[in-house]
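Student: I'd like to learn how to read a model feature by feature. Could we go through one together, starting with pockets and moving on from there?

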Amino acid sequence: MNGTRVLVLNSGSSSVKYQLIDMHGGDRLAVGLVERIGEETSRLKHTPAGGGSREWSGPVADHDAALKAVAAELAGDGLGLDSPELAAIGHRVVHGGRRFTEPTVVDDAVLAEIERLIPVAPLHNPANLTGIRTAQQLRPDLPQVAVFDTAFHTTMPESAARYAIDVETADAHRVRRYGFHGTSHAYVSRETARLLGRAPEDVNVIVLHLGNGASASAVRGGRCVDTSMGLTPLEGLVMGTRSGDMDPAVIFHLMRVGEMSADEIDTLLNKRSGLIGLCGDNDMREIRRRVDAGDERARLAFDIYIHRLRKYIGAYSAVLGRVDAVAFTAGVGENSAPVREAAVAGLEGFGLAVDGELNAVRGDGARLISPAHARVAVAVVPTDEEMEIATQTYALVNDSGNLT
């Protein structure tokens with residue numbers, strides 16, 4: 001294989017995010033987004049290397065039309081999908097179940113299994129499938145590689161992955177803890193080890209991926225041993241619109257006493273809970289502005305968010321036994337100094353502390369924000385899921401044995 005470029009596609013239900021990366025030097029040749037697919041007001045933003053973004057609005061009927069528009073924008077920069085430099089297309093796929101533990105070259109059997117998993121990822125896997133099938137039509141000769149959000153978490157022991165329900169029922173319906181944001185947790189745990197100047201297999205890290213969706217993971221020697229999300233991305237931390245951990249009997253209570261349907265409860269817990277349910281905002285910047293202005297509802301939402309986060313830091317400290325670093329990543333984790341400070345406040349007994357001045361400094365790169373004397377490093381490590389997908393895709397297709 002002579003090509004060194006990988007096109008990374010993240011196909012959502014109404015959007016396509018993409019990056020074209022040259023793996024020889026890690027340069028991003030183009031990045032872009034098509035959003036509001038299926039609407040009259042669809043929008044495409046395309047930014048080639050060196051800047052000079054181009055935007056246009058208009059109807060984009062479906063993912064097929066969206067990817068053809070992406071191909072046209074790339075061709076306009078001399079980076080068309082017909083380029084011999086393009087080695088593969090890497091696709092983010094949210095749910096890979098138990099079968100897919102690593103990046104996988106797509107064939108009919110792989111597509112069928114991703115489709116079979118739609119019941120446990122009804123919002124994500126259908127869109128991921130559409131993106132793959134459209135890309136196959138555009139470049140049928142090119143390897144299409146699926147990189148699964150769940151794959152990094154398949155190393156969890158059964159004691160962490162199993163729910164304590166009847167085994168036969170669980171197995172019959174594939175009910176277990178899968179975890180998500182795996183490409184981010186893999187990338188950040190590895191980058192944290194690099195920041196410490198150590199090999200990943202020698203480092204234990206708690207990774208806190210804090211965005212509108214949020215998850216924590218306990219990573220021992222480069223392998224995930226526990227994570228906060230479960231069968232779906234609803235379990236775990238308080239999120240922008242999701243409740244996170246909750247007594248499951250609340251659902252029965254709402255059905256019986258509130259006379260709510262399963263669909264209504266699903267909408268409540270996934271779209272009207274978390275920060276937005278607690279205070280009406282799911283943007284941490286606005287919540288902090290309201291807290292600073294004395295808004296008690298915003299203060300309570302922030303305190304609940306931090307309380308849950310601290311519980312997971314403590315729990316994963318126990319799971320790992322020895323913690324070398326806690327790494328904050330994603331939109332909130334990378335940009336909210338108050339969240340980072342509050343999350344470790346009072347955890348000095350765990351060896352955790354934040355240096356106020358270091359924490360207040362904004363920066364683009366990975367950096368330590370803990371005092372030099374701290375037993376456990378506290379780091380801010382920007383995630384790069386697209387680079388992780390590209391790296392895994394390129395490594396796979398470069399191994400000719402995987403394509404025969």
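Student: How many nonpolar, polar and charged residues are there in the lining of the second largest pocket?

Tutor: One thing to keep in mind before we start: this is a predicted model. For a pocket, go through the lining and sort it by class. Here the count is 6 nonpolar, 7 polar and 5 charged residues.

Student: Which residues are the closest to the centre of that pocket?

Tutor: Begin with the volume: the second largest pocket holds about 380 Å³ of space. Its lining runs to 18 residues, and the closest to the centre are Asp-283, Met-284, Arg-285, Gly-331 and Val-332.

Student: And which element gives the largest share of the lining of the second largest pocket?

Tutor: Helix H10 does, with 4 residues. H10 covers 284-292, and both H10 and helix H12 (330-335) supply at least two residues each.

Student: Which residues line the largest cavity?

Tutor: The lining is made of Leu-7, Leu-9, Leu-67, Val-70, Ala-71, Leu-81, Ile-89, Ala-135 and Leu-138. By class that gives 9 nonpolar, no polar and no charged residues. Strand E1 (5-11), helix H1 and helix H3 (125-138) each bring at least two residues to this lining, and the largest share, 3 residues, comes from H1.

Student: In what sense do E2 and E3 pair, and over how many bridges?

Tutor: Strand E2 (residues 15-22) and E3 pair in the antiparallel sense, over 8 bridges. For a landmark, find Leu-20, which stands opposite Ala-30 in E3.

Student: What about E10 and E11: how many residues lie between the strands of their hairpin?

Tutor: There are 2 residues between them, and Gly-221 in that hairpin takes a positive phi near 55°. Strand E10 (residues 214-220) and E11 pair in the antiparallel sense over 4 bridges. Val-219 has Cys-224 of E11 as its bridge partner. Strand E11 (residues 223-227) is mostly covered, with 4 of its 5 residues buried.

Student: Let's turn to charges. How many salt bridges does the count come to?

Tutor: The general idea is that side chains of opposite charge can pair when their charged atoms come close. In this model the count comes to 27 salt bridges.

Student: Where in the chain do the partners Asp-384 and Arg-28 sit?

Tutor: Asp-384 and Arg-28 meet in a salt bridge at 2.3 Å, N to O. The pair links distant parts of the chain, 356 residues apart: Asp-384 is in the loop between strand E14 (377-380) and helix H15 (385-398), while Arg-28 is in strand E3 (residues 27-35). For burial, compare each relative accessible area with the cut-off, under 20% for buried. Asp-384, at 13%, is buried, whereas Arg-28, at 30%, is partly exposed.

Student: And the salt bridge of Asp-77 and Arg-54: which parts does that pair tie together?

Tutor: Their side chains meet at 3.0 Å, N to O. Asp-77 lies in the loop between helix H1 (63-76) and strand E6 (86-93) and Arg-54 in strand E5 (residues 54-57), so the pair ties together parts 23 residues apart in sequence. Asp-77 is partly exposed at 26%, and Arg-54 counts as partly exposed at 31%.

Student: One more pair: are Arg-139 and Asp-141 buried or exposed?

Tutor: Arg-139 is buried, with a relative accessible area of 11%, but Asp-141 is exposed, at 56%. Their side chains meet in a salt bridge at 2.8 Å, N to O. Elsewhere, look for shared partners: salt bridges join Arg-98, Glu-158, Arg-162, Asp-171 and Arg-176 into one network.

Note on methods
Residues numbered from 1 in each chain as written. Predicted model: local features only at pLDDT ≥ 70, side-chain atom pairs only at ≥ 80, totals over all residues. Heavy atoms only, no water. Salt bridge = Lys/Arg side-chain N within 4 Å of Asp/Glu carboxyl O. Buried < 20%, exposed > 50% of the residue type's maximum accessible area, 1.4 Å probe, protein only. 1 Å grid on protein atoms, 1.4 Å probe; cavity = no way out; pocket = protein on both sides within 12 Å on 5 of 7 lines; lining within 4 Å. Nonpolar A, V, L, I, M, F, W, Y, C, P; charged D, E, K, R; others polar. Pairing = 2+ DSSP bridges. Points joined across faces, edges and corners; volume = space filled by probe spheres on them.
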